Amino acid sequence: MSDLPTVRPKHSRSTSITTSKKTTSHQRKPSLNVQQQQQQQQILQTPKPELKRHSSSRASLNTTPTTASNLPRFVNSIILRVHSFLNPSGPLLPHSKHGNAFGGTAKPSLLSKLAQSRFIRFAALFYVIFSVFLSLNHGWKYFVSSPNGNNNSIRFKQTDTALDEQFNDDWVPQRTYDQDDTYSLMNQMTHGLKMSKLFSKSYYDAAKKIQPFWKKASNIPEKDEVSIITTANANTWDDLKRLTIYWEGPISAIIHIEEEDESTVEKIKQEYENTPELYRNVDLHLAQIPGDKLSVLFPRNAERNLARLLAQTDYVMDLPHGVIPATDLRRTLESNKERIDSLLLAGDLLALPTFNFKNREATRDDVPYDKSQLILKLSEDKMVLDDKHWKENEGPTDLERWMDAESLYAVEKYEFHYEPVIIESKTIQPWCSERFLDSRAACIFSSYLQGNEIWVLPDDFMVQMPLEEDSEVTDFDNVVENRIYAKFYWEQCVHHARQLDALGLWKSPRSQHIRSQCSRVIQNWGKGLIGKPE
């Protein structure tokens, strides 16, 4: 016992405070460094048995439970590392005392608090372990599935060999289905379902009673001919018969008859079969719709689309009832076939000016048959240019220019209410909007915004014969139509501007029409989509 070193008293860390009236000073008795040096010398002089007891006691503070001591050394080290990662050691002194002892520290940041959070560390550890196992899983599947790929290629080669043996030179094709059964799913659809989908804005019961090719013409036209598309009802049936006298080409006509008026249907059927001009060239499509007046159940624009859809030629001419081609238009089209085909296939439109009699008693004998006779009647004030929605002899057709024209010219003063008689491609042009009762201007407007030109024929024209009845569209419907058309104008401007931009044509000459017609609309609605028009 005498050999044991004497235990020195622990150093107390104290300071003496000297206070005066003006200042207060702190004085430390021993230096911290001096104390540490003395303690290290004492430890070096301590006998070995005592040092072992001290180190073993300290080690017992950091060891894991006895159950972990039996694990392999590698696993034990991993557990220690995970345990130290999930339980980070903080400072030896509390934060407040640590600051007092060492002169104060800065407040820990939010990032350091998150880094010391046990939950954050657990989430990071879980993510790492999950990523490792996921990578191992994919790698295992990659190496294991390689032989299967070889098996698949072998199986495909065997199948090809079997097919080559089956389809040899002696193979005879056979049906894979019963020829007496319906093969196409389209044929299994009801007629009403097809028609209601084709004309989605029409009344279902009206659309399902449409009979395409109710009466089919005996003559089969050439594909590159022009077909007239028009509509008629019980009151305008005679106008359709008169049209066949002036036009000996194909006609696709919608005949609108009241749903229960079977007597009129039978009368028209008999006249059709007994009139050579009708049964040779006219395809009649019957639409038996509730009511004999034009209505939203099946609007006139839907009838135009149907007549165009069922036309048997590549080019069509939309003709209102009561309008007749005064000149030999078919000869003009035939003599300039190459030029006209190139324009129509490019998407352009051919316009024919329409003229009207000032005298409602005019007859067929008063119809001028060439341009010189027409100009004479214009000078005598017997006829006028009839651009609908404009005053007499005014409108985008430009009467003065047409009278002097000897070749095609493009319409330069287009306005979105312009609706002349036009010749167009059956397939290229957009379809008429069926939200309108009767608006040919809506059909032309969509095509014009796509960048298509409207070319006026210099020598041919149409004549509007005097009508026995007023317009089928009432004053109330006209008000509604005008309001809808104003919204339609904005909608079409934005739609076609976006379409041209998607096609990469916004900066091309094809966008010139939409820039001139819709610059205000595009700046308001299209800002950020296609940019400001240049």
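Me: Is glutamate 259 buried, partly exposed or exposed?

Reply: This is a predicted model. In it, glutamate 259 is partly exposed, because its relative accessible area is 25%, and buried would need under 20%.

Me: What does lysine 209 pair with?

Reply: Lysine 209 forms a salt bridge with glutamate 259. The closest N and O atoms are 1.7 Å apart.

Me: Where do the two partners sit?

Reply: In distant parts of the chain, 50 residues apart. Lysine 209 is in the loop between helix H10 (204-207) and strand S3 (210-215). Glutamate 259 is in the loop between strand S5 (251-258) and helix H12 (262-274).

Me: And lysine 209, buried, partly exposed or exposed?

Reply: Lysine 209 counts as partly exposed, because its relative accessibility is 29%.

Me: How many salt bridges in the whole structure?

Reply: The search finds 21.

Me: Next pair. What does arginine 440 bridge to?

Reply: Arginine 440 forms a salt bridge with glutamate 419, with the closest N and O atoms 3.9 Å apart. Arginine 440 is in helix H19. Glutamate 419 is in the loop between strand S12 (409-410) and S13, 21 residues apart from its partner.

Me: Are they buried or exposed?

Reply: Arginine 440 is buried, and glutamate 419 is buried too.

Me: How many residues of H19 are buried?

Reply: Ten of its ten residues. Among them are Arg440, Cys443, Phe445 and Tyr448.

Me: What comes just after H19?

Reply: Glycine 451, with a positive phi of about 100 degrees.

Me: Which residues other than glycine have a positive phi?

Reply: Histidine 389 is one of them, with phi near 80 degrees. Asparagine 393 is another, with phi near 65 degrees. Most residues other than glycine have a negative phi.

Me: Where are they?

Reply: Histidine 389 is in the loop between S11 and helix H18 (399-404). Asparagine 393 is found in the loop between S11 and H18.

Me: Exposed or buried?

Reply: Histidine 389 counts as exposed, because its relative accessibility is 51%. Asparagine 393 counts as partly exposed, because its value is 32%.

Me: How many residues line it, and which lie nearest its centre?

Reply: The largest pocket is lined by 44 residues. Lys388, Glu419, Gln464, Leu467 and Ser471 lie nearest its centre. That brings back Glu419, the salt-bridge partner of arginine 440.

Me: What's the lining made of, by class?

Reply: In the largest pocket the lining has 16 nonpolar, twelve polar and 16 charged residues.

Me: Which element gives the largest share?

Reply: H20, with four residues of the largest pocket's lining. H14 and H19 are among the elements that supply at least two residues each.

Me: How many cavities of 30 Å³ or more?

Reply: Five. About 110 Å³ of space lies in the largest cavity. It is lined by 14 residues, and the closest to its centre are Asp318, Ile422, Glu424, Cys432 and Cys443.

Me: Which elements line the largest cavity with at least two residues each?

Reply: Helix H14 (300-309), strand S13 (421-425) and helix H19 (440-449). By class, the largest cavity's lining has eight nonpolar, one polar and five charged residues.

Me: Last one. Which residues form the nonpolar patch on the surface?

Reply: Tyr127, Val128, Ile129, Val132, Phe133 and Leu136, with about 650 Å² of accessible area together. Leucine 136 is in helix H7 (residues 118-166). Leucine 136 counts as exposed, because its relative accessibility is 56%.

Key: Residues are numbered from 1 along each chain as its sequence is written. This is a predicted model: local features need pLDDT of at least 70, side-chain atom pairs count only at pLDDT 80 or more; totals for chains, interfaces and linings use all residues. Side-chain values use heavy atoms; hydrogens and water are left out. On a 1 Å grid over the protein atoms alone, a cavity is a set of points where a 1.4 Å probe fits but cannot get out, and a pocket is an open set with protein on both sides within 12 Å along at least five of seven lines; lining residues have an atom within 4 Å of a point. Grid points are joined across faces, edges and corners, and a volume is the space filled by probe spheres set on the points. Ala, Val, Leu, Ile, Met, Phe, Trp, Tyr, Cys and Pro count as nonpolar, Asp, Glu, Lys and Arg as charged, and the others, Gly among them, as polar. Patches are made of residues with over 30% relative accessible area and no salt bridge: like charges are joined within 9 Å, nonpolar side chains (Val, Leu, Ile, Met, Phe, Trp, Tyr) within 5 Å. Accessible areas come from the Shrake-Rupley method with a 1.4 Å probe; for residues, only the protein chains shown count as cover. A salt bridge is a side-chain nitrogen of Lys or Arg within 4 Å of a carboxyl oxygen of Asp or Glu. Buried means under 20% relative accessible area, exposed over 50%, partly exposed in between (1.4 Å probe, protein chains only).
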